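Have a look at the model first, then go through the notes.

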Amino acid sequence: MSDLLSRLKAGRAAIGSVTVDGVAFGLRLLSEQDYLAAQIATEVAMREAGLELSISTAEAYEAEKSSQLLARALVDPVTAVPVAANAQALREAVGREQLSAMVNAYLAHEKVYSPSARTLSNDELTALVDEVKKSPETTLSSVSSIDTLKRLITILASPPAS
């Protein structure tokens, strides 16, 4: 089994870690549902604040979205229970630099355990295509990224000319 496939299989259960100001947190990988829920919550929060997305509110929008995502990803490293009830509780507990460090740690963890079409190298993608050809059911059930699945389907349906 390839290293990439091993990482994909371990992805949903892999808990990353980040230590901020001496406090250790776990980082669970977010699902497509988590991303959708965070997007919806961001839109609701912006609307409730009376803000429409514009150049002047783009930073607030991105900050809210990051908080929404991180509130879903941060867990107790032992029990995997979320550490913040919601994005507002998270923002009230940490500063901007702490939040930024947590986001960067999450992105690094996600890149390792949930490779997506936007982070896979051509060699990794080729190896993944080869794995799908050998054992499609096993391999495809390990891929949690919709973008990666779309890219695999496209390549398998119409392989690029060599």
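Helices here are DSSP runs of H or I with at least four residues, numbered from the N terminus. Keep in mind that this is a predicted model.

**Around T42**
- T42 is tucked away: its relative accessible area is 0%, so it counts as buried, the cut-off being under 20%.
- The T42 side chain reaches the backbone oxygen of A38, at 2.8 Å.
- Which residues does T42 touch once neighbours within four places in sequence are left aside? They are Y61, E64, K65 and Q68.

**Salt bridges**
- How many salt bridges does a search of the whole structure find? The count is 3.
- One of them pairs D34 with R28, with the closest N and O atoms 3.0 Å apart.
- In that pair, D34 is buried at 13% relative accessibility, while R28 is partly exposed at 23%.
- Another joins R96 to E59, and here the closest N and O atoms are 3.9 Å apart.
- This pair links distant parts of the chain, with R96 in helix α5 (residues 96–113) and E59 in helix α3 (residues 58–73), 37 residues apart.
- Are R96 and E59 buried or exposed? Both R96 and E59 are exposed.
- R91 also bridges to E64, with the closest N and O atoms at 2.9 Å.
- R91 sits in helix α4 (residues 87–93) and E64 in helix α3, so this bridge ties together parts 27 residues apart in sequence.
- R91 is partly exposed at 34% relative accessibility, whereas E64 is buried at 11%.

**Where α3 meets α5**
- Two packed helices are described by the angle between their axes and the distance between the axes.
- For α3 and α5, the angle is about 65 degrees and the axes are 10 Å apart.
- The crossing of α3 past α5 is left-handed.

Notes
Residues are numbered from 1 along each chain as its sequence is written. This is a predicted model: local features need pLDDT of at least 70, side-chain atom pairs count only at pLDDT 80 or more; totals for chains, interfaces and linings use all residues. Side-chain values use heavy atoms; hydrogens and water are left out. Buried means under 20% relative accessible area, exposed over 50%, partly exposed in between (1.4 Å probe, protein chains only). A polar contact is a pair of N or O atoms within 3.5 Å; within protein, one must be able to donate a hydrogen and the other to accept it, and residues adjacent in sequence count only if both atoms are side-chain atoms. Contact means heavy atoms within 4.5 Å. A salt bridge is a side-chain nitrogen of Lys or Arg within 4 Å of a carboxyl oxygen of Asp or Glu. Helices (H or I, at least four residues) and strands (E, at least two) are DSSP runs, numbered from the N terminus. Axes are lines fitted to C-alpha atoms, for helices over the stretch in contact, and angles run from 0 to 180 degrees between N-to-C directions. A crossing is left-handed if the near helix is turned anticlockwise from the far one by less than a right angle, and right-handed if clockwise.
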